[in-house]
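Please look through the model below before reading the notes.

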There are 2 protein chains.
Amino acid sequence: MLVGVEVDLATALVRLTHVVDHVFVDAGRANDLTPQQAQLLCLLTDGPIGMAELAKVLRLEKSSLSGLVDRVERRELVRRVRDESDRRACWVELTGQGTKIAVATHDEVTATLDALTADLPTVERTRLAAVLFRLASAHSGR
Amino acid sequence: MLVGVEVDLATALVRLTHVVDHVFVDAGRANDLTPQQAQLLCLLTDGPIGMAELAKVLRLEKSSLSGLVDRVERRELVRRVRDESDRRACWVELTGQGTKIAVATHDEVTATLDALTADLPTVERTRLAAVLFRLASAHSGR
DNA sequence: TATTGTTATACTCTATAACTATA
DNA sequence: TATAGTTATAGAGTATAACAATA
């Protein structure tokens with residue numbers, strides 16, 4: 001039954017998503033972060049990002065992002081840096097303390113997910129990564 | 001490089017999760033529901049569920065669940081039904097209107113995810129579903 | 001006493017609309 | 001005028017702790 005197969009894959013995606021969501025909840029909590037803060041800090045481990053791009057990546061309204069950044073800036077985990085070439089804009093970057101927490105959180109998320117997939121043969125894991133990347137990329141350009 | 005492969009799969013899982021999360025955001029919004037409400041209503045399409053089991057499945061504190069159910073009950077999308085065999089407990093079930101919205105939301109989520117995976121050959125899709133189910137199940141018994 | 005669920009409280013998260021500063 | 005970001009406001013989501021009702 002073709003329909004049955006399709007329903008199963010959608011359900012599998014939903015269930016897996018639920019699991020990964022809670023990997024973020026748990027990793028965040030272990031580092032005294034909300035899941036949203038954990039996600040933000042993990043993103044920033046690749047380097048400073050502008051507010052506009054952050055809002056796009058996180059799919060948040062700019063005002064929602066302002067508040068999210070406010071709360072982690074208040075805890076001195078990130079700082080806003082004015083863009084000198086366009087003084088309306090600013091970059092968000094990790095502080096020293098923020099980097100420590102961000103890396104610890106990112107490592108914990110990665111370790112948990114790696115453990116989750118440890119049973120898969122290497123070949124399967126490689127193929128799985130490729131397929132999932134393709135699915136995620138196909139939709140991100142919405 | 002083995003490490004590189006592992007990092008990629010973890011990253012792929014995170015990115016895919018982000019996409020699926022927003023499928024729920026969008027499907028919920030189209031039906032005037034928050035993502036959490038959409039998730040709750042979709043679960044209830046399989047039939048009434050007790051508060052204790054709902055809290056476990058959604059991984060919420062019982063007080064958080066009380067509030068979530070309050071807000072959809074206030075909109076008459078669900079109702080609480082006392083369990084006659086244990087009068088401390090109650091079941092949560094969809095109302096007629098709630099069923100309509102829940103099914104519409106569930107269908108939209110499923111349709112979007114099916115569209116996302118439509119390019120995959122049937123064989124690949126079947127195998128993917130099996131692998132993802134296994135990953136999700138392995139972790140749910142935490 | 002133990003368990004099921006609610007209430008009280010304090011935050012965080014989010015969107016919409018109005019605003020400020022810069023371009 | 002247009003754009004980048006903030007502020008004001010309102011409501012939803014969440015956890016902890018204390019509570020009520022039932023077992």
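1. Helices (H or I, at least four residues) and strands (E, at least two) are DSSP runs, numbered from the N terminus. By that count chain A holds six helices and three strands, in the order α-α-β-α-α-β-β-α-α from the N terminus.

2. The model is predicted: local features need pLDDT of at least 70, side-chain atom pairs count only at pLDDT 80 or more, and totals for chains, interfaces and linings use all residues. Residues are numbered from 1 along each chain as its sequence is written, chains are lettered from A and ligands numbered from 1 in the order written, and side-chain values use heavy atoms, without hydrogens and water.

3. The C-alpha trace of chain A spans about 60 × 30 × 25 Å along its principal axes. Of its 142 residues, 44% are buried (under 20% relative accessible area, 1.4 Å probe, protein chains only).

4. H4(B) contributes the most to the surface near DNA strand D, with four residues; near means a heavy atom within 4 Å.

5. An N or O atom in the side chain of B:Ser64 is 2.7 Å from a phosphate oxygen of DNA strand D.

Conventions: Polar contact = N/O pair within 3.5 Å; in protein donor to acceptor, adjacent residues only side chain to side chain. Buried < 20%, exposed > 50% of the residue type's maximum accessible area, 1.4 Å probe, protein only.
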